[in-house]
Structures are given as structure tokens and as C-alpha cells.
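This report examines strand pairing and covalent cross-linking in one model. Please consult the sequence and the structure shown here.

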Amino acid sequence: QVQLVESGGGLVQAGGSLRLSCAASGSIFSINYMGWFRQAPGKQRELVTIITSGGTTNYRDSVKGRFTISRDNATNTVYLLMNSLKPEDTAVYYCYMNSAHQNYWGQGTQVTVSS
């Protein structure tokens with residue numbers, strides 16, 4: 001079975017940085033997209049960033065210039081570098097993969113940014 005295991009969350013002060021990682025394992029034939037979603041308390045889950053198989057990246061407006069997504073195809077790992085963190089970035093962050101017309105999700109990791 002396909003699994004996504006993510007790590008790197010934690011507590012950080014406003015203006016600080018964190019790097020999340022997500023490693024995919026199992027029977028993976030091809031990867032169309034990998035990326036990150038987040039869900040804050042009382043709010044809907046929202047897309048943060050996506051990287052395509054061709055390396056094209058997309059970011060939601062509120063994180064542009066602060067967050068960077070990258071990948072290591074050899075290990076099927078995707079990273080999210082978060083700089084200049086703000087309290088409004090506080091959320092559970094979920095790794096995402098689209099592979100062979102199916103969607104897969106990581107277990108979620110908590111990111112808390114204090115003011």
C-alpha cells in the first residue's frame with residue numbers, strides 16, 4: 001500500500017522558519033503532483049502549494065515569497081521550507097500526492113506560530 005509519512009512540525013515564534021518533509025513509499029508507478037494542504041481550527045482545508053511532475057510550482061497568494069516547495073525524485077520525498085512565519089500560518093499541515101489517478105494523504109503535522 002502507498003503511504004505518506006510527514007515530519008518537521010513544531011512551535012516557532014513569528015518570523016521564524018520550519019522545514020516539513022514528506023516521504024512516499026509503496027507501489028508508486030508515477031507521480032502527477034505532490035504538495036501541501038493545511039487546516040486551521042474552525043476553517044476548511046486549503047491548498048498551500050503543489051509541484052507537478054514537470055517541476056512547475058503553484059502557491060496560494062498568502063505564502064508566495066515565504067514558502068518554497070521542493071522534491072527529491074530519487075526518494076519520492078517532498079519538502080516545504082517555511083520562512084517568515086506568521087501566526088495565521090498556524091495549522092495542521094497535510095502532505096498530498098496524486099498518483100495513477102488516486103489521491104493520497106499524510107497523517108498531518110502541527111505547525112504553531114506564536115506572536
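## Pairing of strands 5 and 6

In this predicted model, isoleucine 51 has threonine 57 of strand 6 as its bridge partner. Strand 5 and strand 6 (residues 57–59) run antiparallel and are joined over three bridges; two strands count as paired if DSSP finds at least two bridges between them. Strands are DSSP runs (E, at least two residues), numbered from the N terminus. The two strands make a hairpin with four residues between them, and glycine 55 in the turn has a positive phi of about 95 degrees.

## Strand 5 and its other partner

Strand 4 (residues 33–39) also pairs with strand 5, in the antiparallel sense and over six bridges. Here tryptophan 36 lies opposite threonine 49 of strand 5. Six residues separate the strands of this hairpin, where glycine 42 adopts a positive phi near 75 degrees.

Strand 5 (residues 46–52) is largely enclosed by the rest of the structure, because five of its seven residues are buried (under 20% relative accessible area, 1.4 Å probe, protein chains only).

## The disulfide

One disulfide is found in the whole structure, the term denoting a pair of cysteine sulfur atoms within 2.5 Å. Cysteine 22 and cysteine 95 form this link, with their sulfur atoms 2.0 Å apart. The pair joins distant parts of the chain, 73 residues apart: cysteine 22 belongs to strand 3 (residues 18–25) and cysteine 95 to strand 9 (residues 91–99). The link is left-handed, with -85 degrees about the S-S bond, and both cysteine 22 and cysteine 95 are buried.

## Basis of the values

Residues are numbered from 1 along each chain as its sequence is written, and side-chain values use heavy atoms, with hydrogens and water left out. Local features need pLDDT of at least 70 and side-chain atom pairs count only at pLDDT 80 or more, whereas totals for chains, interfaces and linings use all residues.

Notes: Buried means under 20% relative accessible area, exposed over 50%, partly exposed in between (1.4 Å probe, protein chains only).
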